[in-house]
Amino acid sequence: MQGQADLFQGLDATVPSVQKPVTSDIQVKPQGQRRAFRLDPANFELAADSLEASGQYRILRRLLPRPVITSRIALPGEKLAVIVDTETTGLDHTRDEVIEIGMVAFSYDEDGRIGEVVGTFNALREPSVPITPEITRLTGITPDMVRGHSIDLNAVEAFIQPAHLVIAHNARFDRPFCERLTHGFSLKAWACSHAEISWSNLGFEGSKLGYLLSQCGWFHQGHRAVEDCHALLEVLAASLPGDAGSPMSHLLISARKALLRIWAEGSPFEMKDELKKRGYRWNDGTNGRPKSWFIEIAEDAYEMELTFLRREIYRRDVEPFTQRITAFERFRSAS
C-alpha cells in the first residue's frame, strides 16, 4: 500500500504540460488595463440617454445651479420662498454657533409649481468656539476658511424679508439657529421638507437629501450650505409619476395645515410606555415648555386623542393643555 507521499512520486514525469490553443475565443483582459474609449463631449448627453434606455444603467448628472434672474416681473399670484441651510459648530443651538449660512430664494405658485431663482446668499462666520476636526470632516469647513469672516445680518434680514415661506430640510435644527442669528426668521412661516413630506409614499427610498437627489438623477457637493439649498430646490421641483404633482406641492399642503400639540401633563408614570407607543415624545422642561409627554396631531383627530387619554391614560375626565400650532410656530425651539 502506498503512503501519502508515494502518490506524488513520478508526477512530473507522467503529467504533460498544459498548452494554450493557438487560437481561442476567450480574450483575457490584462489586469490593470482599461479599454480605450473616446467620446466627444458634445455627445455626452446622447451617450447618457443611450445608457439609460438600455435599462442596465442609471445615470447621475452633476447638479448645475439654476441661473439667478434679478430683472423680472412677478407673475400674478406668485409667492416667494427661501430655502435655508446652516452649518454649525455642533447640535445645541443654545451653545453652538453658525459658521455658514446659505439661502436660495425662488418663486412658486399656489399649486407648488416652482418658477425662477431670484437670489442666493452665502456667508461664512468665524465662531467664538473652536471648529473641531469632526465638524470639519462633516462640513468641509476649516478654521482657516472662516478666519476673519462675519455674516452681514442686515443683508440676511433684507434677503428673507419678502419671503412668504422659509424651507429647511431639517427645520427643527435650522430654525432655532437661524432665529438666534437674527430676529427676522422668527416672524416667518416655516416648512420642513424632511418631516412634512411622506417621501416613502412618493416612491423614494430614503429622506436624506443625498438619497433624494440621487433618485432624481443628480449628484452634488454635499454639506456646504448653499450647494445643499440648490440641491433641495431641484428635489422639490421634481416631477412625480402620474398626477402626483411635485414634492413642493405636497410640502405646501402639509405646511398649510394647523396641528394641535397636546400635553399629557401629570400622566401616570406607569403609562409612559403606552404614551410612547402612541407617538408621544418627552420634553424635559428645560426649553420653557411643560415637563411632560406631548404629541402633535391633526385638528380633526383631537376628539379621538382626547378619548384615548381619558380612557387609557388618566381613566378620568381631563382637559389637557393644548396648543394650536401653525407654520409660524412649528419647529421653534420653545414654541
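Arg330 is buried in this predicted model, with a relative accessible area of 2%; buried means under 20% relative accessible area, exposed over 50% and partly exposed in between, with a 1.4 Å probe and protein chains only. Arg330 lies in the segment after strand E11 (321–325), where helices (H or I, at least four residues) and strands (E, at least two) are DSSP runs numbered from the N terminus. A polar atom of the Arg330 side chain lies 3.3 Å from the backbone oxygen of Ile325. Not counting residues up to four places away in sequence, Arg330 touches Arg175, Trp190, Glu196, Ser254, Ala255, Lys257, Ala258, Leu259 and Ile325, a contact being heavy atoms within 4.5 Å.

Residues are numbered from 1 along each chain as its sequence is written. The model is predicted, so that local features need pLDDT of at least 70 and side-chain atom pairs count only at pLDDT 80 or more, while totals for chains, interfaces and linings use all residues; side-chain values use heavy atoms, with hydrogens and water left out.

Phe331 is also placed in the segment after E11. Phe331 has a positive phi of about 75 degrees although it is not a glycine, and its relative accessible area of 6% makes it buried. Arg315 likewise has a positive phi, near 60 degrees, in a residue other than glycine. Arg315 is found in the loop between helix H11 (302–314) and E11 and, at 63% relative accessibility, counts as exposed.

In soluble globular proteins, nonpolar side chains tend to be buried together. A nonpolar core is here a set of buried Ala, Val, Leu, Ile, Met, Phe, Trp, Tyr and Cys residues joined through side-chain atoms within 4.5 Å. The largest such core has 32 residues, of which Ile83, Phe106, Leu165, Ile167, Leu236 and Met248 touch the most other members. Elements giving two or more residues to this core include strand E2 (79–88), strand E5 (165–168) and helix H8 (225–237). H8 supplies the largest share, 7 residues. Leaving aside neighbours within four places in sequence, Leu165 is in contact with Leu80, Ala81, Val82, Tyr108, Ala189, Trp190, Ala191 and Leu252. A second, separate core of 24 residues includes Val82, Phe121, Ala163 and Ala168.

What of the cysteines? The structure holds 0 disulfides, a disulfide being a pair of cysteine sulfur atoms within 2.5 Å. Cys178 is in no disulfide, and the nearest cysteine sulfur, that of Cys229, is 9.5 Å away. Cys178 counts as buried at 1% relative accessibility, and Cys192 counts as buried at 3%.

Definitions and conventions:
A polar contact is a pair of N or O atoms within 3.5 Å; within protein, one must be able to donate a hydrogen and the other to accept it, and residues adjacent in sequence count only if both atoms are side-chain atoms.
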